[in-house]
Amino acid sequence: MRWRAWIAALVALGAMSAFPGASSAQAASSVQYGIEDDAWLQHGPGTLSSRIAELERLHVDIVRYTLHWDRIARRRPADARDPDDRAYRWRTSDTVLNALHKAGTSVVVTLVGTPSWANGGAPPNWAPNSASTFASFASAAAARYPWIEDWTIWNEPNLPAWLRPTTAGIYVSRLLNPGYAAIHTRIPDALVGGGMTSPRGGAGGVSPVAWIRAMGKAKAHLDAYAHHPYPSRPQLDSPWGPACKRCSTITMADLGRLLNEVQRAFGSKRIWLTEYGYQTNPPDQLLGVSPATQAQYVASAARRVYLAPRVDMLIYYLVQDDAEPTGWQSGLVTAEGLPKPAFTAFRLPLTEAGRTGDRVHLWGQVRAGSGQRPYRLRVLVAGRWSWLGPTRLTDARGFFAATVRATHGSFVQLWSPRDGAYSLELHV
Amino acid sequence: MAGGGSGRSRFVGVAVVSTLCALSLVWALAGPGTGTAAAAGTSCAQRVLRDWTDNGRVDGMYPSKCYLDAIASLPEDVRTYSSAVDDISRAMQSSQQTDSTNAAASTTGDPPQARRISSDEARQISAQSPSSVRGLPPALLAVIVIAGAMTISGVTAYFLRRWRDDVP
């Protein structure tokens, strides 16, 4: 159809004239985008090498991995600070962490779970009876993996499912401060994150706001405050809102509250968002959003933390859905291994930042490669794709912000020539 | 005697039959509701959850048991990471407050200050029917059933007696 070609050419010409408004990303963000899925890394489909290759295809900056103290030290070590003590069982973590190291992937490690010999025979969610036992384990772990720079202490200690007694005082005195000192002694340049809070206290737990304040009073030592800003009502909560003004919960929509509370309690500490995700329906009928919405939020959350000051890390929780329907279903691929739209959104995020009339402000990142990366945008007009201006360059970390001309209801798409990949079609 | 006896026995027989018919009628009206209500114990919890799932609010009004069952049935991840427990608890409180406000209003003669509900809500509530009937306590339902049966049988007996007395 010749008339379609003419329309497409005219639209492209108009959009190109609007392109002087396009620019590189506004600020140099230090945020790293990562993944956590220990079960998939250890037991997922294929080999460990193929799974790490999959992470490379996703262009993850960092992987979060958990060291379970209670599994690594089932027996009390004779010299708990010595990683070579015969009581320690590092085989599983050695396999995964050394493979990630070999692949050049950054890792943030979480230490969690008390062995029964350290807490009087209680389950792993009970705090150790003394501060020295955890300090010794943290020291041994840091000696075992001296190349790991980012460490976090415990997981969601504001929930009784993860820590009992569920008090910030116990957390700081028996876990965080001893762990912080031990890791810094072994690796002076390491960064240790504390908090690791769940977005809400729930039954028997403590809200993250109260937890942060109590940690401040308990004189917590930390280099970064870590938090998990899952949505409270996924049906309604986008990464941007609605924020809850009088709540003590902290979701991604309440990121401002996290920044303020951390600033008040600890000063200008860095922020690590070490778990985050949206489950999909199917299969999760209660908390799931549609796969398309999940993809949209993955890209939108990436921009949210990019713009937030002091946020250095956003870890997406799960590569693959849990095989159990009652499990967690926030994966980028289904339990059967089929990629969801979020898989593409994670590796090549593109989102609408705003609109002024026909001018649409786009934000995105080309995650493949390093340094300034080429990218190009195109728009779907009358069933045909038309390039919106020439190939441009991102900033040094792959981010870009661009303004294009596109009418309401159009579809735009990002092209990354370096890895030959297209983003999802973005409805603007 | 035999005739008299025959007439009395016919009267007793008719009265028993009419009582049974009345009981059947009242049971037909109220009974299936209560039966369904019992069977719907789990499904009404599911309705509360579905109501919450679509927009993070419980817009409809349900018997208290439905809210409680819904909370009890929440999977652990939903209970821990979402606001479902808070939202459903709040909806239950709101529902109970509305009920007590209406009850107080009915005793004082004031018009009930029921929560304003949208047409969607009204549709939803009516779709749950007969939850308004089913929400009645079983003891009260039993009283209604027995009273209804006694009334119908009494009226039937009265007319039968008048009919018999009128027979020459």
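**Note on the barrel, the cores and the chain contact**

1. In chain A of this predicted model, strands 2-3-4-5-6-7-8-9 form a closed barrel of 8 strands with parallel pairing. Strands here are DSSP runs of E of at least two residues, helices are runs of H or I of at least four, and both are numbered from the N terminus; two strands pair if DSSP finds at least two bridges between them. From one strand to the next the twist averages 25 degrees.

2. Local features need pLDDT of at least 70, side-chain atom pairs count only at pLDDT 80 or more, and totals for chains, interfaces and linings use all residues. Residues are numbered from 1 along each chain as its sequence is written, and chains are lettered from A in the order in which they are written.

3. Strand 2 (residues 32-36) and strand 3 (residues 62-68) of chain A pair in the parallel sense over 3 bridges. Within strand 3 of chain A, Ile62(A) stands opposite Gly34(A).

4. The largest nonpolar core has 115 residues, and Leu314(A) and Leu273(A) are among those with the most contacts inside it. Such a core is a set of buried Ala, Val, Leu, Ile, Met, Phe, Trp, Tyr and Cys residues joined through C-beta atoms within 7 Å; buried means that 20 or more other C-beta atoms lie within 10 Å of the residue's own, with C-beta atoms placed from the backbone. A second, separate core of 15 residues includes Met61(B) and Tyr62(B).

5. Between the chains, 14 residues of chain A are in contact (C-beta atoms, placed from the backbone, within 7 Å) with 13 residues of chain B.

Technical notes:
Buried ≥ 20, exposed ≤ 12 C-beta atoms within 10 Å, placed from the backbone. Contact = placed C-beta atoms within 7 Å. Axes fitted to C-alpha atoms, helices over the stretch in contact; angles between N-to-C directions.
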